[in-house]
Amino acid sequence: MFRLIAMFSVLIIVQSMVAQNHTVGTIRLESGAYDGFNILNPLAYDTTYIIDNCGRVVNQWHGNYSNGMFAEVTVGGTLFKSGISTVNTSIHAGGGSGILQEFDWNNNLLWEYEISDSTHRLHHDLEILPNGNLLGIAWERKDSLDCVNAGRDTSTLASGEMWFTAIYEIQPVYPDSALIV
């Protein structure tokens, strides 16, 4: 009896391991589900996936950075994604990224640019504009003197600084630069 239970347990484990190799995110497909592909861009990982509704990987891209909160495939089949910069120690909060990358369908890096330093850091979301530029949200660090000059009462500033929201229009200049429009 013990031997039968052990063999059954091994069969269950092997079956579940095989099943896990066929899916990365979808375990159930129901009627009414969106008929198309899905981008899976898990935080704290360096890989972005396109999966079908059955969880099968259609394509994947491996980067050199942990995934940020943005990933989108363009009409031309390239992937724009954000990555988390590790060099910025001045502006650090949830959602911070700083790295922008574009990959072709075969995982070749086409473009990489960083906006993450002691005074600026991209975070959360991007929008790909019809002209190919990116619209990005960023924090801009301002010290107490900047705040006074802008009319701010500095007695309420935490740590003597404030992070303002800025929107950048970013024009990629291949392979590793950009113009802030």
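Look at strand 2 (residues 47–51) in this predicted model. T47, Y49 and I51 point one way from the strand. T48 and I50 point the other way. In a regular strand the side chains alternate between the two faces of the sheet. Are the residues of strand 2 buried or exposed? On both sides, they are buried. Five of the five residues are buried, so strand 2 is largely enclosed by the rest of the structure.

Now turn to the partners of strand 2. Strand 1 (residues 38–40) is joined to strand 2 by three bridges. The two strands run antiparallel. Find N38, and you will see that this residue stands opposite I51 in strand 2. Strand 1 and strand 2 form a hairpin, with six residues between them. In the turn sits A44, which has a positive phi of about 70°.

Strand 3 (residues 57–62) is another partner. How many bridges join strand 2 to strand 3? There are five, and these strands run antiparallel. T47 has H62 in strand 3 as its bridge partner. Strand 2 and strand 3 also form a hairpin, with five residues between the strands. Here G55 takes a positive phi near 85°.

Next come the aromatic rings. A pair of aromatic rings is described by the distance of the centres and the angle of the planes. The structure holds five aromatic pairs. One of them is formed by F80 and W111. Their centres are 6.2 Å apart, with 75° between the planes. That makes the pair edge-to-face. Where do the two residues lie? F80 is in strand 5 (residues 79–84), and W111 is in strand 7 (residues 109–114). They are 31 residues apart, and the pair links distant parts of the chain.

Why does F80 count as buried? Buried means under 20% relative accessible area, and F80 has 5%. W111 has 0% relative accessibility, so W111 counts as buried too.

Another pair is made by W139 and W163. The ring centres are 5.5 Å apart and the planes stand at 45°, so this pair is tilted. W139 lies in strand 9 (residues 134–143), while W163 lies in strand 10 (residues 161–173). The pair therefore ties together parts that are 24 residues apart in sequence. W139 is buried, at 10% relative accessibility. W163 is partly exposed, with a relative accessible area of 28%.

Finally, go back to F80 and W111. Together with Y113 and Y174, they form one aromatic cluster.

Technical notes: Residues numbered from 1 in each chain as written. Predicted model: local features only at pLDDT ≥ 70, side-chain atom pairs only at ≥ 80, totals over all residues. Heavy atoms only, no water. Phe/Tyr/Trp six-rings, centres within 6.5 Å; stacked < 30°, edge-to-face > 60°. Helix = DSSP H or I, 4+ residues; strand = E, 2+ residues; numbered from the N terminus. Buried < 20%, exposed > 50% of the residue type's maximum accessible area, 1.4 Å probe, protein only. Pairing = 2+ DSSP bridges.
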